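Good morning, and thank you for making the time.

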Amino acid sequence: MAEERSGSSQHGGGLSRRTLLASSAAAGGAVWLLRGLARPGSAHAVSGPPPGFPAGLDVHQRVYQNWAGEIRTDELWTCAPRTAQEVLDAVNWAYGAGWTVRAQGQRHGWAPLTVAAGTPGSAQVLLLDTTAHLTAMSLEQQAADGSAAVRVQAGASLEALLAFAGAGGYGVTAAPAPGDLSVGGALAIGAHGTATAATGESPPPGHGYGSLSNLVTELTAVVWDGGAGRYTLRTVGRAEPDCAALLTHLGRSFVTEAVLRVGADANLRCRSLLDIPATELFAAPGAPAGTRTLAGFVDGTGRVEAIWFAFTDRPWLKTWSVTPNRPFAARAVDAPYNYPFSDSLPEPVARLAGDLVSGAWASAPLFGQVQYLLAKVALTGDITDVLLSGTLVRDVLTGDVLTHLLADGLRSDLWGASRNLLEYVRPTTLRETANGYAVLTRRADLQWVVSRFADHYRTLLAQYAARGEYPVNGQVEIRVTGLEDPAVCGVPGARPPLLSALRPRPDRPDVDTAVWIDILSLPGTPALHRFYRDIEQFLLSLDGDRATVRVEWSKGWAYTDTAAWSAPEVLSGAIPASLRAGGGPGWDEAVAVLDRLDPHRVLSSPFLDALVR
């Protein structure tokens, strides 16, 4: 994880998470936030290693903690294998000892697919940290069509992978915004970015609009060998039937390395717009000519993201377009993470966040307005709305803050190599929890989906506020992607990942688009789980002829009034049903394959045993 920065407490300078925590604690900040954002303690051994543990493998006890701090365990036995053979040694020891093994990457996820919150130190579970040593990469082949293959071990970060590919002149169409994801973790949950075909666009060789898992041409996984009576390494080609289950395995397998097909890199232009009302961007289909709708921007560039801060009326819309040469108005960038105002909040804004986590939850509307204006000033240089705002806003966005933001340079129009525009979330960003869903629909119904969601979200937020409840203090994020097309990987006979949220429905070739919807808020916000449950139930009830709703594996889902990943009717009902919809191979085949490759469930957990069955 990237080193936290010290920041500055003067002249509106950036305030690091460490300083935010100190200010929150000084104001009586909640313990959960301190636990959620502080680093886990250093690894140490409080006793000898488990009996019979393989010699030469250094094993320690360490707390596991995820991105938002919602999942935190007692100290669990953890080691960092140096080779794939050491992974096998650890897994076979666990099989003989009656333990389970969990792959640990960068811990940048929300769902309990590695371990569940509160897992006791007495649990017989071993974490294998892939990020310390299993990070090698190599360029395997370069094809005449301009594509190439990159072999990468599971512990390498996406940032490192994209930089390695970029140095050779290669890239991907879309990728998750954070670079601090392990390749193994990203593939396990079908990680995605935001991209579909613009009107008239055809992707060049090696490029596609689905998940990163769909780029895999082969992978190497730990599997049970019944003849040998032990776990072994098996390389599985993309055309082999078992590969379709392993491409997005949710943690029910252990992939040590993969080969991904990439294409010739393209320069991108990323433009930010902050003047479009939400009522216009998310208007119902049939809006008057000239209306600036999300579907219209998708048709124009194929690559969009809307960030809609809570209790505001103008989202931050980003569009990316393939642009070989730098436009005169665009600012050239040569590195990722080009939104410093988001990476490190100005001190007064961070103190407002500290007030929220200290219990001033009714400040959510103010915080949303401040976040929007912060982005607008930093991106466009327009301070008019700040000057016309009320005293509360101007008390936060002071003259010193505005001067600091303007001195940093405007960033509403950026241009550069794809990786420098696709990666824009640092580990130092404010850590929030998130729910997540993919709504599969026809391209013609994209605007219908976003308008239905926006209307319901706006109404629901107002109903909660009328009761004095403010469950959301972050933002809605909406992205749009294409579905999995196995032809992108270039392997004849390839099939789409069976458990990918982007797997097409065999009975609906007209369904070609996924609308990704996430709502972010600070962990521990009162009424948040109930609000998420209401949103989830609304999405699951959308017209089944126009929408198939699947969960985003890395985020929050299956909500009750008080918890995520807990609603039995979603865990055992809606989720499997969404991946069985349309017939053909899907949920049941994937479960059967994963069980056959790990019949002893050494590579599982109690949560996965209940979910993937």
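Leaving aside its neighbours within four places in sequence, with which residues is Ser 272 in contact? Before I answer, a word on conventions. This is a predicted model, in which local features need pLDDT of at least 70 and side-chain atom pairs count only at pLDDT 80 or more, while totals for chains, interfaces and linings use all residues. Residues are numbered from 1 along each chain as its sequence is written, and side-chain values use heavy atoms, with hydrogens and water left out.

To the answer, then. With contact meaning heavy atoms within 4.5 Å, Ser 272 touches Trp 316, Leu 317, Lys 318, Tyr 339, Leu 379, Arg 411 and Ser 412. Ser 272 belongs to strand S11, residues 267-273; strands are DSSP runs of E with at least two residues, helices are runs of H or I with at least four, and both are numbered from the N terminus. Is Ser 272 buried or exposed? Its relative accessible area is 6%, so Ser 272 is buried (buried is under 20%, exposed over 50%, partly exposed in between, with a 1.4 Å probe and protein chains only). The side chains of Ser 272 and Trp 316 are also joined by a polar contact of 3.0 Å, that is, a pair of N or O atoms within 3.5 Å, where within protein one must be able to donate a hydrogen and the other to accept it, and residues adjacent in sequence count only if both atoms are side-chain atoms.

Ser 541 sits in the loop between helix H17 (528-540) and strand S20 (548-551). With a relative accessible area of 52%, Ser 541 is exposed. Its side chain reaches the backbone oxygen of Phe 538 at 2.7 Å.

I turn now to the helix pairs. The axes of H11 (residues 364-380) and H14 (residues 399-407) come within 8 Å and cross at roughly 40°; axes are lines fitted to C-alpha atoms, for helices over the stretch in contact, and angles run from 0 to 180 degrees between N-to-C directions. Leu 374, Val 377 and Ala 378 of H11 meet Leu 402, Leu 405 and Leu 406 of H14.

Finally, the axes of H8 (residues 294-301) and H16 (residues 446-466) come within 8 Å and cross at roughly 140°. Leu 294, Ala 295 and Val 298 of H8 make the contact with Leu 446, Gln 447 and Val 450 of H16.
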